[in-house]
Amino acid sequence: MARAPAIAQAQIIKLLVTGSSDGVDRDDHAPYFVVLVGFWGTLVVCQSPKPVAELMPAGKRADVESMDDSRWPDPWRGWRVWDGLPDGACDSLAETGSVLTAEIYDSDGARFTAVSHPSGRWMTYLNFERVLSHLVLPPAPFDADGDELTGSALDEQNAAYQSEVAQVRQRLLATVPMGLAAAERASAWAYESGLTPASVDELHLVLDGTELFVEELFYRLLGRLGMPLAS
């Protein structure tokens with residue numbers, strides 16, 4: 001079955017409400033629910049002429065889409081992978097030039113990785129606080145017997161979860177370049193990649209920014225790194 005055309009940001013599906021509990025049809029101003037369907041996968045931007053699909057296992061090659069070659073300044077190419085890249089794929093792409101990848105978590109946040117020569121590989125996070133909810137999954141509010149937790153038991157579970165999130169946050173902030181440090185690394189990556197980036201302060205603002213759909217933050221960062229995309 002052919003996959004529906006992908007878009008950079010998450011899809012928005014509006015479910016119109018046409019009725020009510022009292023049986024009276026709603027008027028033209030009926031409210032609607034909005035269901036946000038996020039993207040799970042990896043965005044790849046690289047200087048390599050090698051198609052990313054060639055690096056995927058045979059059964060996964062259909063999960064790779066080109067992100068419209070006309071948008072990218074030569075020699076850059078963009079790819080959308082509806083699954084994670086296999087081990088070694090990023091290194092293979094980096095053999096012929098610089099690489100950026102963004103591993104997207106349901107469009108909430110992303111693990112952003114950059115490779116250039118001679119500096120090598122580094123990574124940071126986009127929409128960091130929202131990434132944490134995917135790195136530390138919240139527990140189901142039920143006890144061992146399947147009964148719903150309430151009162152002090154639920155409070156205790158929530159406190160334990162928030163404590164775990166705080167520990168992971170602290171560990172990542174101590175080991176992963178964030179904020180100004182990430183902006184300085186991003187600036188160096190751009191110059192090594194033959195681009196002319198915005199100032200470190202402007203890169204800092206983007207890297208510390210937030211968006212409902214992290215893909216929008218990713219594309220904004222590309223622009224600040226000196227990679228204008230054709231409309």
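Predicted model: local features only at pLDDT ≥ 70, side-chain atom pairs only at ≥ 80, totals over all residues.

Residues are numbered from 1 along each chain as its sequence is written, and side-chain values use heavy atoms, with hydrogens and water left out.

Pockets next. A pocket here is an open set of points on a 1 Å grid over the protein atoms alone, where a 1.4 Å probe fits, with protein on both sides within 12 Å along at least five of seven lines; lining residues have an atom within 4 Å of a point. The volume is the space filled by probe spheres set on the points, which are joined across faces, edges and corners.

The largest pocket has a volume of about 330 Å³. It is lined by 15 residues, and those nearest its centre are T101, E103, R111, T113 and R121. Two or more lining residues come from each of helix 1 (89-93), strand 6 (99-105), strand 7 (109-116) and strand 8 (120-126). Helices (H or I, at least four residues) and strands (E, at least two) are DSSP runs, numbered from the N terminus. Helix 1 gives the most to this lining, with 3 residues.

The second largest pocket holds about 160 Å³. Its lining has 14 residues, with Y125, N127, F128, L207 and D208 closest to the centre. Strand 8, helix 2 (128-135) and helix 4 (179-192) each give two or more residues to that lining, and helix 2 gives the most, with 3.

Now the helix pairs. Two packed helices are described by the angle between their axes and the distance between the axes. The axes are lines fitted to C-alpha atoms over the stretch in contact, and angles run from 0 to 180 degrees between N-to-C directions.

Helix 4 and helix 5 (residues 200-207) pack at about 120°, with axes 8 Å apart. They are therefore oblique to each other, a term for angles that are not under 35 degrees (roughly parallel), over 145 (roughly antiparallel) or 65 to 115 (roughly perpendicular). In helix 5, V200, L203, H204 and L207 meet residues of helix 4, including L180 and A183; contact means heavy atoms within 4.5 Å.

Helix 2 and helix 3 (residues 151-175) cross at roughly 120°, and their axes come within 10 Å. This pair is therefore oblique too.
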